[in-house]
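Student: I have a protein model open and I am new to reading one. Could you walk me through some of its features?

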Amino acid sequence: MNALINVADMGNWGNYSIETDAAILANSTVQNARPADAALNVIHGAGADFTFRIRANGTAILYSNTTIVAEAEIDDFELGKNFHMKAEVYDGLIVCYYNNERVITYVNSKLSEKTNRTYAGFRAVNGSVRFDNLVVRKIEEVSPWAAKSITITDANGAIVQSVKSSSLDTEKYLVNAIYPDGRTRLVILDPAMLSGYDPSVSGQQTVTVRYGNASTTFLYERVGYLFYDALDSSESSSWMSTNVASQYSSQVKDGFLRLTLPQDNVTREYAKHISG
């Protein structure tokens, strides 16, 4: 099933959303086939086709061509159960929702390079999917000066109150602007929005973010480490199942930190593209 809408025919739309109701009814009957996907064709930009998919194993996935660039688990997915999926496209930003909950935020400055081959639509992959109520609409531009308040979030939507790192990478964070009529708008955090941040100063700083007349603050602490883990025993901590008192060997090479854990003597990549 394939319904395509040529975004090139939308005129001067810079920002738009595409959404649909869907239900994955059955997986493919082909042996060893991947679980079924309900897929939204979102954008052709940055030299690639981007597709937002809900997979029958309860995973939300954003593809760039055939490469997964972001994914997240969904707690309440059920085969045959109706759900709503939506993707918003801005310059440099794709935001994906499952049942109105933000599940994926993807930042790529080249996404504004849309081409005439951009299509928005839906399709079923590796199974049977029911679609209904497809809507593609323009997202109206809203002046930053009209924002009532703002919060700073990470890519997963968590509000950021403090940051500890060797440098402040603003592209990892978003400004969530809230308007008097209840509308919200996500904007990539721009260094020009910051005051009180000095990359040469060690220790804690109070950083102010201003978007129009709205502002908020967060704490930033510059530390000169190469690698950091809060060891907070949360689900996001990669040390959860590791005895941190045990001995292990490590190696940093080409920006990768590799650890050899004594439990199984297996070398695993812990973090990549390390800088600082």
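**Reading a strand residue**

Tutor: Happy to! Let us begin with one residue: Ile 104 is part of strand β9, which covers residues 101-107. Keep in mind as we go that this is a predicted model.

Student: Is Ile 104 buried or exposed?

Tutor: The idea is to look at the relative accessible area, where under 20% means buried. Ile 104 has a relative accessibility of 3%, so it counts as buried.

Student: Which residues is Ile 104 in contact with, leaving aside neighbours within four places in sequence?

Tutor: The contacts of Ile 104 are Phe 52, Ala 60, Ile 61, Leu 62, Ala 70, Glu 71, Ala 72, Ile 94, Val 95 and Cys 96. Take Ile 94 from that list: Ile 104 and Ile 94 are separated by 10 residues in sequence, and their C-alpha atoms are 8.0 Å apart in space.

Student: Let me step back to the whole protein. How many helices and strands does it have?

Tutor: There are zero helices and 21 strands. Of the protein's 276 residues, 41% count as buried. The accessible surface is about 15,200 Å², and carbon and sulfur atoms account for 44% of that.

Student: How do I read contacts along the chain?

Tutor: Start with contacts between residues at least 6 apart in sequence, and ask what share joins residues at least 24 apart; in this protein, that share is 54%.

Student: What about salt bridges? How many does a search of the whole structure find?

Tutor: It finds seven salt bridges. To read one, look at the closest N and O atoms of the two side chains: for Lys 86 and Glu 88 they are 3.4 Å apart. Glu 88 counts as buried because its relative accessibility is 11%. Another salt bridge joins Lys 164 and Glu 221, at 3.9 Å from N to O. That pair links distant parts of the chain, with Lys 164 in strand β13 (residues 162-165) and Glu 221 in strand β18 (residues 214-222), 57 residues apart. Lys 164 is partly exposed at 38%, and Glu 221 is partly exposed at 26%.

Student: Which residues are linked in a network of salt bridges?

Tutor: Asp 37, Arg 53 and Arg 55 are linked that way. Elsewhere, Asp 181 and Arg 183 form a salt bridge at 2.8 Å, N to O. Arg 183 has 43% relative accessibility and so counts as partly exposed.

Student: My last topic is backbone angles. What should I look for in phi?

Tutor: Most residues other than glycine have a negative phi. Asn 126 has a positive phi of about 60° although it is not a glycine. You will find Asn 126 in the loop between β10 (119-125) and β11 (127-138), and it is partly exposed, at 30% relative accessible area. Asn 133 also has a positive phi of about 60°, but this residue lies in strand β11. With 46% relative accessibility, Asn 133 counts as partly exposed.

Notes:
Residues are numbered from 1 along each chain as its sequence is written. This is a predicted model: local features need pLDDT of at least 70, side-chain atom pairs count only at pLDDT 80 or more; totals for chains, interfaces and linings use all residues. Side-chain values use heavy atoms; hydrogens and water are left out. Helices (H or I, at least four residues) and strands (E, at least two) are DSSP runs, numbered from the N terminus. Buried means under 20% relative accessible area, exposed over 50%, partly exposed in between (1.4 Å probe, protein chains only). A salt bridge is a side-chain nitrogen of Lys or Arg within 4 Å of a carboxyl oxygen of Asp or Glu. Contact means heavy atoms within 4.5 Å. Accessible areas come from the Shrake-Rupley method with a 1.4 Å probe; for residues, only the protein chains shown count as cover.
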